[in-house]
Amino acid sequence: MDNFDFKKYLAEGRLLKEELRDVENILVKAGFNFEDGLLGGVGSGGAGYYDGVNDDIYGYNQSGPWNEEEFNKFYNNFSFNSNVYEKEFAEENDYPYDFDMVAQMVKPGMYAVGDNGYVEIRSNGDIEIYAIPQLSDKEGREFLPAFKMDDNGKPIPQFSKDEMRKMLKDDLYYII
């Protein structure tokens, strides 16, 4: 993250929803489409970007058995799913993204996109979009972020390991 002081922006209150909307609008104007989610569609089955992880931990549709080793792997070594949009590759392949417009309107750094993820604008013009894993109840009425990101791009668990284990194992929440 090219010398971006994320803590300074947080301390100054500069990462407000209004500013985030502006960043999202700029990306949309530049050709990025978030109608199917930050990383694009995940299929008609309603699965999320982390559905495979959920299946590894507790089986398809929480059918079991519970796999403590997979849960520990997920919790202890979590890594965000993301898409990287490389300016040079996109230009060579006539992708519809206007990287120059983004570079003129958004300084390099990390920006939150609502409650769903983060966008990293790099000084070389590349853009990486990260999705936040959500914990969802069986009915899909409640969505809680499982991890957020710090100023170094590292995951911050939003629940203790025991709390998350209970939510997944006993309360039958899904990771999506």
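**Starting with L168**

Which residues does L168 touch, not counting residues up to four places away in sequence? They are N54, Y58, Q62, W66, F71, L135, Y173, Y174 and I175, where touching, or contact, means heavy atoms within 4.5 Å. L168 lies in helix α7 and counts as buried, with a relative accessibility of 1%. Here, buried means under 20% relative accessible area, exposed means over 50%, and partly exposed is in between (1.4 Å probe, protein chains only). L168 and I57 are 111 residues apart in sequence, yet their C-alpha atoms are 9.0 Å apart in space.

**What you're looking at**

This is a predicted model, in which local features need pLDDT of at least 70 and side-chain atom pairs count only at pLDDT 80 or more, while totals for chains, interfaces and linings use all residues. Residues are numbered from 1 along each chain as its sequence is written, and side-chain values use heavy atoms, with hydrogens and water left out.

The protein has seven helices and nine strands. Both are DSSP runs numbered from the N terminus: helices are H or I with at least four residues, strands are E with at least two. Of its 176 residues, 39% count as buried. Take the contacts with a separation of 6 or more: 58% of them come from residues 24 or more positions apart.

The predictor's confidence in each residue is called pLDDT and goes from 0 to 100. For this protein the mean is 78, and 79% of the residues reach 70 or more.

Where pLDDT is low, the predicted coordinates should not be read in detail.

**A look at helix α4**

Now for α4, which covers residues 68-76. Its buried residues are E70, F71, F74 and Y75. They sit on the same side of α4, because they cover an arc of only 130 degrees around the axis (the arc of the directions from the helix axis to the C-beta atoms). What do these buried residues pack against? Their partners are α3 (51-58), β7 (147-149), β8 (155-157), α7 (161-169) and β9 (174-175).

The N-terminal end of α4 has a cap: a side-chain oxygen of N67 lies 3.1 Å from the backbone nitrogen of E69.

**Charged pairs**

Side chains of opposite charge can pair when their charged atoms come close. A salt bridge is a side-chain nitrogen of Lys or Arg within 4 Å of a carboxyl oxygen of Asp or Glu, and a search of the whole structure finds nine of them. One joins K73 and E70, at 3.0 Å from N to O. These two are three residues apart in helix α4, so about one helical turn separates them. K73 is partly exposed, at 43%.

In another salt bridge, the closest N and O atoms of R122 and E128 are 2.1 Å apart. R122 is partly exposed at 22%, whereas E128 is buried at 10%. K166 and D171 also meet in a salt bridge, at 3.1 Å. K166 is partly exposed at 42%, and D171 is partly exposed at 36%. Finally, E68, D162 and R165 are linked in a network of salt bridges.

Notes:
A polar contact is a pair of N or O atoms within 3.5 Å; within protein, one must be able to donate a hydrogen and the other to accept it, and residues adjacent in sequence count only if both atoms are side-chain atoms.
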